[in-house]
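Subject: Structure handover

Hello,

Here is the structure I said I would pass on. My notes on it follow below.

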Amino acid sequence: MTHDLLTSLRPLLTAEASAEAYASGAEPGDLEQAVWLRLLERLEADGPPRDPHRWLRSAVRTEARRTRRRVRNERPYGPEPAGAAEHQPEQLALTAARHRALRDAVRRLPGRCPRLMEALLSPQDLTYREIAGELGISQGSLGPERSRCLGCLRRMLTPEVAAR
(Lines give C-alpha, C1' and ligand atoms only; values in the text may rest on other atoms or scores of the structure.)
Protein backbone atom coordinates (compact mmCIF):
# COMPACT_ATOMS: atom_id res chain seq x y z
CA MET A 1 0.00 0.00 0.00
CA THR A 2 2.78 2.43 0.90
CA HIS A 3 4.58 1.71 -2.36
CA ASP A 4 1.37 2.39 -4.33
CA LEU A 5 0.85 5.66 -2.47
CA LEU A 6 4.39 6.83 -3.17
CA THR A 7 4.14 5.83 -6.83
CA SER A 8 0.83 7.65 -7.30
CA LEU A 9 2.08 10.82 -5.59
CA ARG A 10 5.39 11.10 -7.47
CA PRO A 11 4.10 13.02 -10.55
CA LEU A 12 2.07 15.41 -8.41
CA LEU A 13 5.00 16.04 -6.08
CA THR A 14 7.34 16.69 -9.00
CA ALA A 15 4.89 19.20 -10.49
CA GLU A 16 4.14 20.96 -7.20
CA ALA A 17 7.82 21.16 -6.19
CA SER A 18 8.75 22.59 -9.60
CA ALA A 19 5.99 25.20 -9.31
CA GLU A 20 6.95 26.31 -5.78
CA ALA A 21 10.74 26.07 -6.07
CA TYR A 22 11.32 29.23 -8.06
CA ALA A 23 9.44 31.48 -5.65
CA SER A 24 11.06 29.95 -2.59
CA GLY A 25 14.62 30.07 -3.88
CA ALA A 26 15.03 26.31 -3.51
CA GLU A 27 15.85 23.55 -5.93
CA PRO A 28 12.80 21.44 -6.89
CA GLY A 29 14.70 18.28 -5.92
CA ASP A 30 15.37 19.67 -2.45
CA LEU A 31 11.68 20.42 -1.93
CA GLU A 32 10.78 16.94 -3.15
CA GLN A 33 13.19 15.31 -0.73
CA ALA A 34 11.91 17.36 2.19
CA VAL A 35 8.30 16.43 1.40
CA TRP A 36 9.16 12.74 0.94
CA LEU A 37 10.81 12.83 4.35
CA ARG A 38 7.73 14.46 5.92
CA LEU A 39 5.49 11.87 4.28
CA LEU A 40 7.59 8.96 5.51
CA GLU A 41 7.62 10.43 9.03
CA ARG A 42 3.85 10.84 8.84
CA LEU A 43 3.33 7.28 7.59
CA GLU A 44 5.39 5.92 10.47
CA ALA A 45 3.68 8.02 13.14
CA ASP A 46 0.05 8.38 12.03
CA GLY A 47 -0.38 6.27 8.91
CA PRO A 48 -1.33 7.62 5.50
CA PRO A 49 -3.18 10.93 5.27
CA ARG A 50 -6.91 10.77 4.52
CA ASP A 51 -6.53 12.92 1.40
CA PRO A 52 -2.94 12.29 0.21
CA HIS A 53 -3.10 14.72 -2.73
CA ARG A 54 -4.32 17.58 -0.55
CA TRP A 55 -1.76 16.72 2.13
CA LEU A 56 1.01 16.68 -0.46
CA ARG A 57 0.10 20.12 -1.88
CA SER A 58 0.00 21.53 1.63
CA ALA A 59 3.32 19.91 2.54
CA VAL A 60 5.04 21.34 -0.54
CA ARG A 61 3.79 24.84 0.28
CA THR A 62 4.86 24.44 3.90
CA GLU A 63 8.37 23.37 2.87
CA ALA A 64 8.56 26.24 0.38
CA ARG A 65 7.60 28.75 3.11
CA ARG A 66 10.15 27.19 5.46
CA THR A 67 12.83 27.53 2.78
CA ARG A 68 11.89 31.17 2.08
CA ARG A 69 12.16 31.99 5.79
CA ARG A 70 15.51 30.26 6.06
CA VAL A 71 16.88 32.05 2.99
CA ARG A 72 15.59 35.37 4.28
CA ASN A 73 17.06 34.88 7.77
CA GLU A 74 20.41 33.40 6.78
CA ARG A 75 23.15 35.91 6.15
CA PRO A 76 26.40 35.03 4.45
CA TYR A 77 29.57 35.67 6.35
CA GLY A 78 30.97 39.07 5.54
CA PRO A 79 34.45 39.41 4.19
CA GLU A 80 37.16 39.21 6.80
CA PRO A 81 38.66 42.53 7.75
CA ALA A 82 41.82 43.37 5.86
CA GLY A 83 44.78 41.80 7.58
CA ALA A 84 42.70 39.58 9.87
CA ALA A 85 44.02 36.38 8.29
CA GLU A 86 47.60 37.53 8.87
CA HIS A 87 47.17 37.17 12.61
CA GLN A 88 45.73 33.67 12.61
CA PRO A 89 48.03 31.12 14.30
CA GLU A 90 48.39 29.05 11.12
CA GLN A 91 49.32 32.11 9.08
CA LEU A 92 51.83 33.27 11.70
CA ALA A 93 53.45 29.82 11.75
CA LEU A 94 53.70 29.68 7.95
CA THR A 95 55.16 33.19 7.78
CA ALA A 96 57.72 32.33 10.45
CA ALA A 97 58.69 29.16 8.55
CA ARG A 98 59.15 31.15 5.31
CA HIS A 99 61.31 33.71 7.11
CA ARG A 100 63.45 30.94 8.64
CA ALA A 101 63.92 29.31 5.23
CA LEU A 102 64.92 32.65 3.73
CA ARG A 103 67.36 33.43 6.54
CA ASP A 104 68.91 29.94 6.27
CA ALA A 105 69.35 30.35 2.51
CA VAL A 106 70.88 33.80 2.98
CA ARG A 107 73.45 32.36 5.42
CA ARG A 108 74.46 29.76 2.80
CA LEU A 109 75.18 32.39 0.11
CA PRO A 110 78.82 32.71 -1.05
CA GLY A 111 81.22 35.59 -0.40
CA ARG A 112 79.89 38.80 1.08
CA CYS A 113 76.33 38.09 -0.09
CA PRO A 114 75.13 37.00 3.37
CA ARG A 115 76.19 40.31 4.92
CA LEU A 116 74.71 42.30 2.02
CA MET A 117 71.36 40.48 2.14
CA GLU A 118 71.18 40.78 5.94
CA ALA A 119 71.75 44.53 5.57
CA LEU A 120 69.04 44.76 2.89
CA LEU A 121 66.61 42.74 5.01
CA SER A 122 67.43 44.70 8.16
CA PRO A 123 64.44 46.11 10.05
CA GLN A 124 66.42 49.33 10.37
CA ASP A 125 65.74 50.01 6.65
CA LEU A 126 69.29 51.08 5.86
CA THR A 127 70.03 53.31 2.87
CA TYR A 128 72.43 52.21 0.10
CA ARG A 129 75.00 54.66 1.48
CA GLU A 130 74.77 53.13 4.97
CA ILE A 131 74.98 49.58 3.58
CA ALA A 132 77.97 50.44 1.39
CA GLY A 133 79.74 52.04 4.39
CA GLU A 134 78.98 49.02 6.60
CA LEU A 135 80.28 46.54 4.01
CA GLY A 136 83.26 48.67 2.94
CA ILE A 137 82.32 48.73 -0.76
CA SER A 138 81.45 51.57 -3.10
CA GLN A 139 77.82 52.61 -3.34
CA GLY A 140 77.93 52.18 -7.15
CA SER A 141 78.87 48.49 -6.92
CA LEU A 142 76.08 47.76 -4.44
CA GLY A 143 73.35 47.39 -7.14
CA PRO A 144 75.24 44.87 -9.31
CA GLU A 145 76.37 42.97 -6.20
CA ARG A 146 72.80 42.86 -4.93
CA SER A 147 71.57 41.54 -8.32
CA ARG A 148 74.20 38.80 -8.32
CA CYS A 149 73.34 37.81 -4.74
CA LEU A 150 69.60 37.77 -5.45
CA GLY A 151 70.17 35.59 -8.53
CA CYS A 152 72.17 33.15 -6.42
CA LEU A 153 69.49 33.19 -3.72
CA ARG A 154 66.79 32.58 -6.33
CA ARG A 155 68.67 29.56 -7.68
CA MET A 156 69.09 28.21 -4.15
CA LEU A 157 65.43 28.63 -3.22
CA THR A 158 63.89 27.37 -6.47
CA PRO A 159 64.53 23.65 -5.75
CA GLU A 160 63.25 24.07 -2.17
CA VAL A 161 60.05 25.76 -3.32
CA ALA A 162 59.52 23.24 -6.14
CA ALA A 163 60.06 20.31 -3.76
CA ARG A 164 57.19 21.45 -1.55
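A salt bridge here is a side-chain nitrogen of Lys or Arg within 4 Å of a carboxyl oxygen of Asp or Glu. The model is predicted, so local features need pLDDT of at least 70 and side-chain atom pairs count only at pLDDT 80 or more, while totals for chains, interfaces and linings use all residues. Residues are numbered from 1 along each chain as its sequence is written, and side-chain values use heavy atoms, with hydrogens and water left out.

Salt bridges

By this rule there are 10 salt bridges. One of them joins Arg57 to Glu16, with the closest N and O atoms 3.8 Å apart. Arg57 belongs to helix H3 (residues 52-73) and Glu16 to helix H1 (residues 2-24), so this pair ties together parts that are 41 residues apart in sequence. Helices (H or I, at least four residues) and strands (E, at least two) are DSSP runs, numbered from the N terminus.

Glu16 also forms a salt bridge with Arg61, again with the closest N and O atoms 3.8 Å apart. Since Arg61 lies in H3 and Glu16 in H1, the pair ties together parts that are 45 residues apart in sequence. Glu16, Glu20, Arg57 and Arg61 are linked in a network of salt bridges.

How accessible are these residues? I call a residue buried under 20% relative accessible area, exposed over 50% and partly exposed in between (1.4 Å probe, protein chains only). Glu16 is buried, at 14%. Arg57 is partly exposed at 32% relative accessibility, and Arg61 is partly exposed at 36%. Leaving aside residues up to four places away in sequence, Glu16 touches Arg57, Val60 and Arg61; contact means heavy atoms within 4.5 Å.

A further salt bridge, between the side chains of Glu41 and Arg38, has an N to O distance of 3.4 Å. These two residues are 3 apart in helix H2 (residues 28-46), which separates them by about one helical turn. An α-helix has 3.6 residues a turn, so residues three or four places apart point the same way. Glu41 is partly exposed, with a relative accessible area of 43%, and Arg38 is partly exposed, with 30%.

H3 has 22 residues, which at 1.5 Å a residue should span 32 Å, and its end C-alpha atoms are 31 Å apart, which agrees. The expected span is 1.5 Å times one less than the number of residues. The buried residues of H3 include Trp55, Leu56, Ala59 and Val60.

The axes of H2 and H3 come within 9 Å and cross at roughly 125°. Axes are lines fitted to C-alpha atoms, for helices over the stretch in contact, and angles run from 0 to 180 degrees between N-to-C directions. H2 and H3 are therefore oblique to each other (under 35 degrees is roughly parallel, over 145 roughly antiparallel, 65 to 115 roughly perpendicular and the rest oblique). On the H2 side the contact is made by Leu31, Ala34, Val35, Arg38, Leu39 and Arg42, and on the H3 side the residues include Trp55, Leu56, Glu63 and Arg66.

Elsewhere

Arg155 is in helix H7 (residues 139-163). Arg155 is exposed, with a relative accessible area of 59%. Arg155 and Tyr128 are 27 residues apart in sequence and 24 Å apart in space, C-alpha to C-alpha.

Regards
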